[in-house]
Amino acid sequence: MMNLQFPHFTTNNAKVSKIETCLIDIKDHGHGTFVSENIECHSFRLAETEPGGSYDWHPAPRKQYVVTLTGTVEFIFGNGDALLVKPGDVFLANDLEGKGHKWKIIGETPWRRLYVHLDQPPAT
(Lines give C-alpha, C1' and ligand atoms only; values in the text may rest on other atoms or scores of the structure.)
Protein backbone atom coordinates (compact mmCIF):
# COMPACT_ATOMS: atom_id res chain seq x y z
CA MET A 1 0.00 0.00 0.00
CA MET A 2 1.15 3.53 -0.74
CA ASN A 3 0.35 6.81 1.00
CA LEU A 4 -0.07 10.51 0.35
CA GLN A 5 2.00 12.85 2.51
CA PHE A 6 1.28 16.46 3.34
CA PRO A 7 1.89 18.96 6.18
CA HIS A 8 -0.01 18.56 9.44
CA PHE A 9 -0.25 21.65 11.67
CA THR A 10 -0.29 20.38 15.25
CA THR A 11 0.94 21.33 18.74
CA ASN A 12 3.45 19.85 21.16
CA ASN A 13 2.80 19.18 24.87
CA ALA A 14 3.55 22.84 25.66
CA LYS A 15 0.83 23.86 23.13
CA VAL A 16 3.39 25.32 20.70
CA SER A 17 2.45 24.87 17.05
CA LYS A 18 4.66 22.85 14.73
CA ILE A 19 4.56 20.94 11.45
CA GLU A 20 4.47 17.17 11.24
CA THR A 21 3.72 14.92 8.27
CA CYS A 22 0.22 13.54 7.74
CA LEU A 23 0.01 10.20 5.93
CA ILE A 24 -3.13 8.87 4.24
CA ASP A 25 -3.07 5.35 2.86
CA ILE A 26 -4.03 4.98 -0.78
CA LYS A 27 -4.59 1.90 -2.92
CA ASP A 28 -4.52 1.16 -6.63
CA HIS A 29 -7.83 2.00 -8.27
CA GLY A 30 -6.70 1.11 -11.78
CA HIS A 31 -5.83 3.25 -14.80
CA GLY A 32 -2.86 4.75 -12.93
CA THR A 33 -5.09 6.17 -10.20
CA PHE A 34 -4.61 5.67 -6.47
CA VAL A 35 -7.37 6.53 -3.97
CA SER A 36 -7.85 6.73 -0.21
CA GLU A 37 -10.81 5.44 1.70
CA ASN A 38 -13.63 7.99 2.03
CA ILE A 39 -12.91 10.64 4.66
CA GLU A 40 -15.99 11.89 6.45
CA CYS A 41 -16.38 15.61 6.85
CA HIS A 42 -18.91 17.94 8.44
CA SER A 43 -18.93 20.73 5.84
CA PHE A 44 -16.76 22.70 3.44
CA ARG A 45 -16.46 26.29 2.32
CA LEU A 46 -14.47 28.52 0.03
CA ALA A 47 -12.54 31.65 0.99
CA GLU A 48 -10.43 34.25 -0.76
CA THR A 49 -8.03 36.85 0.64
CA GLU A 50 -6.66 39.66 -1.51
CA PRO A 51 -2.92 40.14 -2.14
CA GLY A 52 -1.13 41.67 0.82
CA GLY A 53 -3.44 39.87 3.26
CA SER A 54 -2.17 38.38 6.49
CA TYR A 55 -3.52 36.90 9.71
CA ASP A 56 -1.61 37.23 12.97
CA TRP A 57 -1.22 34.42 15.53
CA HIS A 58 -4.26 32.18 15.85
CA PRO A 59 -5.04 28.49 16.39
CA ALA A 60 -7.05 26.57 13.82
CA PRO A 61 -10.77 26.98 14.64
CA ARG A 62 -11.39 23.25 14.09
CA LYS A 63 -9.71 20.24 12.50
CA GLN A 64 -9.78 20.92 8.77
CA TYR A 65 -8.04 20.21 5.51
CA VAL A 66 -7.10 23.31 3.52
CA VAL A 67 -6.61 23.07 -0.25
CA THR A 68 -4.90 26.05 -1.87
CA LEU A 69 -6.46 26.85 -5.25
CA THR A 70 -4.57 30.07 -6.09
CA GLY A 71 -1.93 32.19 -4.42
CA THR A 72 1.19 31.56 -2.38
CA VAL A 73 1.15 31.85 1.41
CA GLU A 74 3.89 31.73 4.03
CA PHE A 75 2.96 30.17 7.37
CA ILE A 76 5.01 30.67 10.55
CA PHE A 77 4.61 28.35 13.53
CA GLY A 78 5.20 28.85 17.25
CA ASN A 79 8.37 26.74 17.18
CA GLY A 80 9.85 29.01 14.46
CA ASP A 81 9.26 26.68 11.50
CA ALA A 82 8.05 28.18 8.22
CA LEU A 83 6.08 26.61 5.38
CA LEU A 84 5.43 28.00 1.90
CA VAL A 85 2.07 26.85 0.48
CA LYS A 86 1.41 27.06 -3.26
CA PRO A 87 -1.54 26.27 -5.56
CA GLY A 88 -2.45 22.58 -5.36
CA ASP A 89 -0.99 22.13 -1.87
CA VAL A 90 -3.06 20.48 0.86
CA PHE A 91 -2.47 20.65 4.61
CA LEU A 92 -4.27 19.47 7.72
CA ALA A 93 -4.79 22.30 10.23
CA ASN A 94 -5.12 20.78 13.68
CA ASP A 95 -3.20 23.18 15.96
CA LEU A 96 -6.32 23.87 17.99
CA GLU A 97 -4.67 25.11 21.19
CA GLY A 98 -2.11 27.69 22.18
CA LYS A 99 -0.77 30.54 20.06
CA GLY A 100 -1.24 28.65 16.79
CA HIS A 101 0.26 29.93 13.55
CA LYS A 102 0.26 33.07 11.43
CA TRP A 103 0.29 33.62 7.67
CA LYS A 104 0.86 36.20 4.97
CA ILE A 105 0.26 36.18 1.23
CA ILE A 106 3.38 36.29 -0.93
CA GLY A 107 3.03 37.92 -4.35
CA GLU A 108 0.17 39.56 -6.23
CA THR A 109 -2.30 36.67 -6.51
CA PRO A 110 -5.24 36.30 -4.10
CA TRP A 111 -5.18 33.26 -1.81
CA ARG A 112 -8.23 31.24 -2.80
CA ARG A 113 -8.76 28.08 -0.77
CA LEU A 114 -11.16 25.31 0.07
CA TYR A 115 -11.68 24.42 3.73
CA VAL A 116 -12.88 20.87 4.40
CA HIS A 117 -14.18 20.87 7.99
CA LEU A 118 -13.72 17.49 9.63
CA ASP A 119 -15.42 18.53 12.87
CA GLN A 120 -18.46 20.58 13.73
CA PRO A 121 -17.92 24.31 14.32
CA PRO A 122 -16.80 25.37 17.78
CA ALA A 123 -19.48 26.62 20.15
CA THR A 124 -19.63 30.42 20.22
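1. This is a predicted model, in which local features need pLDDT of at least 70 and side-chain atom pairs count only at pLDDT 80 or more, while totals for chains, interfaces and linings use all residues. Residues are numbered from 1 along each chain as its sequence is written, and side-chain values use heavy atoms, with hydrogens and water left out.

2. Aspartate 95 lies in the loop between strand E9 (90-93) and strand E10 (101-106); strands are DSSP runs of at least two residues, numbered from the N terminus. Aspartate 95 is buried but has no salt bridge. Buried means under 20% relative accessible area, exposed over 50%, and partly exposed in between (1.4 Å probe, protein chains only). A salt bridge is a side-chain nitrogen of Lys or Arg within 4 Å of a carboxyl oxygen of Asp or Glu. The nearest side chain of opposite charge, lysine 99, is 11 Å away; here Lys and Arg count as positive, Asp and Glu as negative, and His and the chain ends are not counted.

3. By this rule, there are 4 salt bridges. One of them joins glutamate 48 to arginine 112 (2.6 Å, N to O). This pair links distant parts of the chain, with glutamate 48 in strand E4 and arginine 112 in strand E11 (residues 111-117), 64 residues apart. Glutamate 48 is partly exposed at 38% relative accessibility, and arginine 112 is partly exposed at 38%.

4. Glutamate 20 and lysine 18 also meet in a salt bridge, at 2.9 Å from N to O. Glutamate 20 is partly exposed at 36% relative accessibility, and lysine 18 is partly exposed at 21%.

Definitions and conventions
Helix = DSSP H or I, 4+ residues; strand = E, 2+ residues; numbered from the N terminus.
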